[in-house]
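Subject: Handover of a structure for your study

Dear colleague,

Please find below the structure that I would like to hand over to you. I would be grateful if you kept it open while reading the notes that come after it.

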Amino acid sequence: MTGQPKKLVVLGAGTGGTLAANRIRKRFAESEVTIDVVDRDNRHIYQPGLLFIPFGLADPDEIVRPRDRQLRRGINYHLSGIESVDIDRQRVLLDNGSTLAYDVLLVATGAVLQPEETEGLAGPGRLDDVFTFYDLEGATALAERLESFDSGRLVINVVDMPIKCPVAPIEFAFLADWYFTENGVREDVTITYVTPLDGAFTKPTSSATLSSLLDEKNIELVTEFNTGEVDGVGRKLIGYDEREIPFDLAVVIPLHGGAPYVHNSPGLGDELGFVPTDKATLQSLVKPNIFVLGDAADLPASKAGSVAHFEGEVLVANIESFLAGEPLEATFDGHANCFIETGFSKALLIDFNYETEPLPGHYPGPLGLPLLKESKLNHLGKLMFQWFYWHGLLPGRDIPGIGAAMPTAGKDTGELVSAGTNREGTQ
Amino acid sequence: MTTREIANATVEVDDDGFFVDPTQWTEDMAPLLAEECGVPTPLTDKHWQVLHFMRDQYFDKGTGPTVRKLGKTSGVTVKELYQLFPKGPAKLAARCAGIPKPRGCV
């Protein structure tokens, strides 16, 4: 490229924004592309760690690092909220009053929790008997509450999809079973998992495995429950169909939406504040010079760090093509994988994409980690992943054998199930 | 996929009874479809408002809206939606409106 450097603005310095900015910085000289990254605070939270905090398995300090320190040299960091994006005039207005003009915009502001959208969820009882572990405040307060909880009904409720890391609430149930067993009070505690889906999880094959694990661990499963109200004083969930589920302690995953500025930016987002995005190229459907990474997109993929990670490679290739005026040829296949903690130092691993269900076998090849099966190796994998997150994934380093596209080498493809039979997350 | 008779017409439906081709749907089919899936009849103006909204959204976006999107954009609150289409407004309204099953989230 010649002439003036192109201006890339990245909104959000979470998993997606950080790894994309770093990969693009590696690919282009500063004389070719300038990179400005914006975020409203300087606390990058390792979100998979939030699951462990309520059980005393991680400290809040361990999972938070400064956002700016995760960015390579040659990337400008702006500490400010975002007021709005003017997609026609190609500029971003920041809360601090300044304006950033862009040639290419990358939206990576993730998903936000919206407890205020459910009656009662942000009201009385919050942080007394009603908690979430999806933010640091909630996870930390819940740790204290769980320490003194030795009998009664624990209810875990997902209000509605989409949510970040859709397996995390089930992992919470498994870990709660382990935690109360360790504390010697499991017989005095009932654990109930309440979901709007018609099964334990969105994907049929893994849903069956997870259902039988819930059963084994004596965790009650309530399906197709659509939470209309969380009564934190009367301590019960009330469904839109008037069913009631009493609790002594509720762990509720609130509704999710896109970042608030999306609603102030005409033409950028949908009704929920997510940005309409081409599921293969990651180019937005609203403007050709806007790309979207991670949870901020309206893609039919899990809202999870692994998805943002696998998208990164495709995204950078397509931004490079876009800047060169060439067709966008790289395509994302919807690849996701998740470790699922099942308690007692074991975990499952699942690996899937838009088209293929999670299959049994091994990942990423025949000698890899066991898929869809509890094992101690997967648990160690989950624990070690934090190191890789800070030192490999965020800096944008490639690891041999772990590519963007979903591997099939180690899988039992005889059990191939089409994603066309997915459970629906709608009611 | 299979075919079925309804209101003196032959239409294509999927395994869960959702229309495959929304252009095969006519308004006189809606009350019959409603009765089949437990939606209270006779259909009220509010039901019709939702059914027409579902169809508009389908032809505009290629999929029916989720219940949250319906609550935000159809002019009918989520609470009312559950009264009109008990047990699952997005799915039941899609069935009665003759559009394919809405794509869910993973």
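The notes below set out what was found, topic by topic.

**Confidence**

Please bear in mind that this is a predicted model. For the complex, the predictor gives an ipTM of 0.79 and a pTM of 0.91. Chain A has a mean pLDDT of 93, with 96% of its residues at 70 or more. One stretch of chain A calls for care: over residues 416-427 the pLDDT is below 50, although this stretch has 46 contacts in the model beyond near neighbours in sequence. Where pLDDT is low, the predicted coordinates should not be read in detail.

Chain B has a mean pLDDT of 91, and 97% of its residues reach 70 or more. Among the elements of chain B, the lowest mean pLDDT, 89, belongs to helix α3 (residues 67-73), and the highest, 95, to helix α1 (residues 30-36).

**Domains of chain A**

Chain A is divided into three parts: domain 1 (6-110 + 259-323), domain 2 (121-255) and domain 3 (336-421). Between the C-alpha centres of domain 2 and domain 3 of chain A there are 25 Å. Each of these two domains gives 13 residues to the contact between them. On the side of domain 2 that touches domain 3, the elements that give two or more residues are α3 (168-182) and α4 (204-216) of chain A. Helix α3(A) has the largest share of that side, with six residues. By class, that side of domain 2 consists of seven nonpolar, three polar and three charged residues.

**Nonpolar cores**

The largest nonpolar core contains 124 residues, and those with the most contacts inside it are Val10(A), Ala20(A), Leu106(A), Phe133(A) and Ala173(A). Helix α3(A) also gives the most to this core, namely eight residues. Leaving out residues up to four places away in sequence, Ala173(A) touches Ile156(A), Ile191(A), Tyr193(A), Leu214(A) and Ile219(A). A second, separate core has 29 residues, including Trp25(B), Leu33(B), Val50(B) and Met54(B).

**Strands and hairpins**

In chain A, five strands form an open sheet in the order β11-β18-β12-β13-β14, with parallel pairing. Its edge strands, β11 (130-131) and β14 (219-222) of chain A, each pair on one side only. Strand β13 (residues 189-194) of chain A runs parallel to β14(A) and is joined to it by four bridges. Here Tyr193(A) stands opposite Leu221(A). In a regular strand the side chains alternate between the two faces of the sheet.

In chain B, five bridges join the antiparallel strands β1 (residues 2-6) and β2 (residues 9-13), where Thr2(B) has Val13(B) as its bridge partner. The strands β1(B) and β2(B) form a hairpin with two residues between them, and Ala7(B) in the turn has a positive phi of about 45°.

**Backbone features to look up**

Most residues other than glycine have a negative phi, and most peptide bonds are trans.

Arg235(A) is not a glycine, yet has a positive phi of about 50°. The hairpin of β15(A) and β16(A), in which Arg235(A) is found, has four residues between the strands. Is Arg235(A) buried or exposed? Arg235(A) has 20 C-beta neighbours inside 10 Å, so it counts as buried.

Glu242(A), also not a glycine, has a positive phi of about 75°. Its place is in the loop between β16 and β17 (244-246) of chain A. Glu242(A) counts as exposed, because it has 9 C-beta neighbours inside 10 Å.

There are also cis peptide bonds to look up. One runs from Met161(A) to Pro162(A), with omega near 0°; Pro162(A) lies in the loop between β12 (152-158) and α3 of chain A. Another joins Thr41(B) and Pro42(B), with omega about 0°; Pro42(B) lies in the loop between α1 and α2 (45-61) of chain B.

Yours sincerely,
A colleague

How values were computed:
Residues numbered from 1 in each chain as written. Chains lettered and ligands numbered in written order. Predicted model: local features only at pLDDT ≥ 70, side-chain atom pairs only at ≥ 80, totals over all residues. Domains from an automatic or database assignment. Contact = placed C-beta atoms within 7 Å. Nonpolar A, V, L, I, M, F, W, Y, C, P; charged D, E, K, R; others polar. pLDDT = per-residue confidence, 0-100. Core = buried A, V, L, I, M, F, W, Y, C linked by C-beta atoms within 7 Å. Buried ≥ 20, exposed ≤ 12 C-beta atoms within 10 Å, placed from the backbone. Pairing = 2+ DSSP bridges.
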